[in-house]
Amino acid sequence: MAGGAATGGSAAADTYKSARHWLLLPSWLVLVLVVLAPVCMMLIYSFLTKEFRGGVIWEPTLAAYDQFFFDRGLFGDDPPKIEWTYITIFWRSIWQAGLATILSLIIGFPTAYFIATRPERTRALWVFLVTIPYWVNLLIRTVSMKFLLRDQGPMNDFLISTGLIDDPLRIVNTNLAVQLGLFYSYLPFMVLPIYASVERYNFAMSEAAADLYATKWTTLRRIVLPAVKPGVIAGCILVFVPSLGAFLAPDLLGGAKNFMIGSLIEEQFKGNAGNWPFGAAAAMVLLTMVLILLMIFARQQRRAEASP
Amino acid sequence: MKPIKRMTQTAMALALMASGAAAEGDLVIYHWFEYIPQDLLDKFTAETGINVTMDTYDSNESMLAALKAGGMGTYDVAVPGDYMVKIMAGEGLLDTIADGELANKGNIAPEWADPSFDPGRKHSIPYQWGSTSFSVDSDVYSGDINTTDILFNPPAELAGKINMLDAQGEVLATAALHLGIPQCSTDREQLKALNDLLQASKDNWVSFNSDTAKEVLVSGDAAAGMIWDGFSAKAREEKASITYAFPTQGYVVWMDNVVLLNDAPNRDSAIKFMDFLLEPENIAAVSNFARYADGLTGTAEFLDPALATLPEANPHDGAGPGVFVEACDEATQAVYDQIWTNLKK
């Protein structure tokens with residue numbers, strides 16, 4: 001089975017047993033210092049009282065979460081109703097990130113499959129080509145994308161000169177531009193894990209399926225996809241999660257007209273609001289959502305592995 | 001133990017080298033983007049032997065946040081706008097400049113020597129001042145542009161093609177001018193009217209961009225947009241049809257100021273730098289670059305002659321009053337934050 005590699009090599013695992021703790025120490029340090037400590041700080045901050053114009057007062061309160069979930073009107077003294085503002089913002093971000101993920105999957109899967117089925121000596125070159133855009137800073141790539149797409153930009157000039165359209169396509173400052181930006185930014189994160197899975201796939205199994213009169217579609221659906229599913233899931237997570245918190249593409253390509261999760265949180269720390277506990281609370285809600293999502297994926301995967 | 005000993009020695013050597021460099025003089029500036037010519041910084045280094053390092057920010061609020069989140073003790077000087085000087089002083093972030101410390105303090109123009117946001121200039125010196133209004137591409141719309149209706153009740157040619165600054169203070173202050181209500185109002189009817197105005201105007205606005213406020217006008221992404229006067233002058237150099245408006249309802253005036261930060265690691269360098277910027281020739285170089293006005297006397301001979309007649313810096317006779325953005329108290333600011341969130345939700 002293709003999944004066999006994951007459990008292999010127990011004898012080799014013992015080689016460094018005596019030094020294990022020391023060898024793991026750097027990883028643990030990094031995890032605690034740059035992952036756990038900041039998250040704990042955010043968690044604590046989200047339960048503190050806001051200081052006017054940024055900062056926190058060390059008095060515990062639920063005010064930040066109250067602001068997130070309850071609407072008390074413009075002046076804060078109406079009877080509380082469900083607050084839809086932030087739910088709308090979160091839903092908009094999830095929708096954008098979801099579309100970007102699906103778009104990446106549609107383009108990324110065939111690309112990865114293509115690369116993995118090339119002769120072995122050219123595969124490295126293809127992978128290398130996929131990573132080339134990463135030599136350029138994300139900000140510059142996003143600005144370039146805006147330049148290409150804008151109403152009086154090269155793409156519209158070209159389309160008009162060929163006579164395909166009469167009026168420029170309005171793409172910049174729309175949701176479509178944001179999705180294109182996210183898709184373009186994170187596509188390699190989809191291609192590379194799927195490529196790694198497809199490369200390990202034993203194509204003799206496809207041949208066997210064909211010998212047993214499976215159609216190409218059935219082979220893809222019942223043989224290839226289940227075998228490369230871990231790569232597909234990893235790719236989807238790697239595209240979806242950063243898209244969810246992105247604020248560069250929404251700001252530059254979407255015109256910053258509507259808050260996304262990322263820009264809402266940014267506004268609390270860098271904007272006029274200066275409401276650090278609320279920014280921390282919004283970040284914790286986002287983190288909780290992502291964790292739940294990952295747990296659902298993990299559980300499904302375990303169930304798939306457990307089933308015969 | 002040996003490697004550890006060697007590491008300690010290396011660290012000590014590095015520490016010594018670092019402090020040696022500090023003795024020769026360093027200066028760490030926290031400044032707006034695209035706001036000081038590199039030539040001027042080179043000139044300062046050539047005159048004083050002080051090495052200059054600069055980080056940049058794109059709004060008063062992000063600068064304040066960075067300083068409060070651990071940036072104090074890193075920077076020597078920053079360049080906050082008028083209301084932000086007052087806020088920073090209130091937060092205890094600013095060091096006091098003693099009398100006589102600045103040799104060139106007398107060069108400050110009388111009208112800027114005792115501003116409301118820093119009485120007596122205890123913490124700050126003038127850097128540049130100007131206005132925040134909006135510009136219109138006169139090729140797209142040729143009617144009267146000197147009214148805030150352009151932003152809040154636009155003609156058909158401009159509807160849906162307006163860029164706003166992504167800055168709560170300046171947008172809400174301009175909206176208050178349009179409605180003729182005070183900034184930091186506590187009157188509920190006025191605040192509701194302000195909220196309604198922004199909700200109704202939003203469909204006419206295509207984007208909220210501050211750092212690309214010039215570029216969106218030049219590229220044609222927006223046909224009208226809020227902008228600072230000097231930025232608009234630069235835009236006009238690239239596209240002649242971009243015209244800056246001084247609305248009859250009034251417009252926002254601002255002044256950026258160099259402030260001495262508390263816990264400045266190189267306080268002496270900071271004082272030298274402030275004195276350097278108080279020399280008319282040097283601050284004129286900033287104005288020639290940034291296209292804003294300075295706050296000193298005796299700069300006229302060093303200024304680019306074109307600045308004196310710059311249409312962006314010389315309001316027409318019918319222009320309304322220029323007003324500073326006000327810093328509201330906490331309870332009032334909470335309502336304004338809510339209005340801003342409603343706008344962008």
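This is a predicted model: local features need pLDDT of at least 70, side-chain atom pairs count only at pLDDT 80 or more; totals for chains, interfaces and linings use all residues.
Local features need pLDDT of at least 70 and side-chain atom pairs count only at pLDDT 80 or more, whereas totals for chains, interfaces and linings use all residues; side-chain values use heavy atoms, without hydrogens or water. Residues are numbered from 1 along each chain as its sequence is written, with chains lettered from A and ligands numbered from 1 in the order in which they are written.

Two packed helices are described by the angle between their axes and the distance between the axes. Axes are lines fitted to C-alpha atoms, for helices over the stretch in contact, and angles run from 0 to 180 degrees between N-to-C directions. Helices (H or I, at least four residues) and strands (E, at least two) are DSSP runs, numbered from the N terminus. Angles under 35 degrees count as roughly parallel, over 145 as roughly antiparallel, 65 to 115 as roughly perpendicular and the rest as oblique. A crossing is left-handed if the near helix is turned anticlockwise from the far one by less than a right angle, and right-handed if clockwise.

In chain A, helix 8 (residues 175-200) packs on helix 10 (residues 216-245) at about 160°, with the axes 8 Å apart. Helix 8 of chain A is therefore roughly antiparallel to helix 10 of chain A. Their crossing is right-handed. Contact means heavy atoms within 4.5 Å. Residues of helix 8 of chain A in this contact include A:L182, A:Y186 and A:F189, and those of helix 10 of chain A include A:V228, A:P230 and A:G231. The contact has 15 nonpolar, 4 polar and no charged residues. Here Ala, Val, Leu, Ile, Met, Phe, Trp, Tyr, Cys and Pro count as nonpolar, Asp, Glu, Lys and Arg as charged, and the others, Gly among them, as polar.

Helix 4 (residues 85-116) and helix 13 (residues 276-306) of chain A cross at roughly 45°, their axes coming within 12 Å. The two are therefore oblique to each other. This crossing, too, is right-handed. A:Y86, A:F90 and A:I94 of helix 4 meet A:F278, A:A282, A:V285, A:L286 and A:M289 of helix 13. By class, the contact holds 8 nonpolar, no polar and no charged residues.

In chain B, helix 3 (residues 60-71) and helix 4 (residues 82-90) pack at about 20°, with axes 10 Å apart. They are therefore roughly parallel. Helix 3 of chain B passes helix 4 of chain B in a right-handed crossing. B:N60, B:E61, B:M63, B:L64 and B:L67 meet B:Y83, B:M84, B:I87 and B:M88.

The contact between the chains takes 46 residues from chain B and 34 residues from chain A. About 3300 Å² is buried, with carbon and sulfur atoms giving 50%. Buried area is the accessible area (1.4 Å probe) that two parts lose on being put together, summed over both. On the chain B side, B:D221, B:K344 and B:K345 lose the most area to chain A, together 17% of what that side buries.

The interface of chain B and chain A has 4 salt bridges (a side-chain nitrogen of Lys or Arg within 4 Å of a carboxyl oxygen of Asp or Glu). B:R188 forms a salt bridge with A:D77, the closest N and O atoms being 2.7 Å apart. Over all chains the count is 18 salt bridges. B:R267 and B:E101 form a salt bridge at 2.7 Å, N to O. B:R267 lies in helix 10 (residues 267-277) of chain B and B:E101 in the loop between helix 4 and strand 4 (124-137) of chain B, so the pair ties together parts that are 166 residues apart in sequence.
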